[in-house]
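I set out to record the pockets and the aromatic contacts of this structure. My entries follow.

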Amino acid sequence: MADDLIFYTNPMSRGRIVRWMLEEVGQPYKTEILEFGTTMKSPGYKAFNPMGKVPTIIHKGIVVTEAAAICAYLADAFPEAGLAPPHGDARRGPYYRWMFFAAGPVEAALSNTALGFKVPDERRGMVGYGSVEDVVSALEYAVSQSDYIAGDRFSAADVYVGSQIGWGMMFGTLEKRPAFEAYWQRIASRPAALRAREIDDALVATQKQATA
């Protein structure tokens, strides 16, 4: 039932990552659209997510926030979708490694780049990502070893890592290196990715019409 899996989002947010993941999973889900500064900060919603941000999912009463955590959770909650290497599989290492590398160093480095902040060379040891240059080179390495992050099969890690790369290149915070472009083209054309973008783009259009 759709009510077993509820998705709180806004189409102009990182919720787009989770929308893609939900479409890959292929299970019914209910979408609740929240608005920035109002319903997203309401006491009722903050009881689920104290940060007052999206995305959040509730699956059979279990609350999960943070896009990378939601991707990992859904892959394990619905193993029939084949979106995570099984426990004990050697591919589980790179699957976790690069998903959370994207959630930590990549997210922080690209956010700081977007804000125009550069870590002073003498302070690099204080930040988890060290330098943007090192992060980008490591990310390039990750997508150059095989077709997908965890080997020859698409996984939830590709949803998250790919989203970071796609957005980074779109907004100019990540250099358009050939390895990034080839990887993004490979995964962005998946049917679930196309469905997710179509759903969220339609919601964005509806929001713009409502405020016009």
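I began with the second largest pocket, which holds about 350 Å³ of space. Of the 20 residues that line this pocket, Arg14, Lys53, Val54, Pro55 and Glu66 are the closest to its centre. I noted that the model is predicted, with local features needing pLDDT of at least 70 and side-chain atom pairs pLDDT 80 or more, while totals for chains, interfaces and linings use all residues. Residues are numbered from 1 along each chain, and side-chain values use heavy atoms, without hydrogens and water.

A pocket is an open set of points on a 1 Å grid over the protein atoms alone, where a 1.4 Å probe fits, with protein on both sides within 12 Å along at least five of seven lines; lining residues have an atom within 4 Å of a point. A volume is the space filled by probe spheres set on the points.

I then turned to the largest pocket, with about 660 Å³ of space. Its lining has 25 residues, and Ser13, Arg16, Ser163, Trp167 and Phe171 are the closest to the centre.

Next I looked up aromatic pairs (ring centres within 6.5 Å; planes under 30 degrees apart are stacked, over 60 edge-to-face, the rest tilted). The whole structure has 10 such pairs. The rings of Tyr8 and Tyr45 have centres 5.5 Å apart and planes at 45 degrees, so this pair is tilted. Both Tyr8 and Tyr45 are buried (under 20% relative accessible area, with exposed over 50% and partly exposed in between, for a 1.4 Å probe and protein chains only). Trp98 and Tyr141 form another tilted pair, 6.3 Å centre to centre with 50 degrees between the planes. Trp98 is buried at 8% relative accessibility, whereas Tyr141 is partly exposed at 44%.

Notes. Rings of Phe, Tyr and Trp (its six-membered ring) pair if their centres lie within 6.5 Å; planes under 30 degrees apart count as stacked, over 60 as edge-to-face and the rest as tilted.
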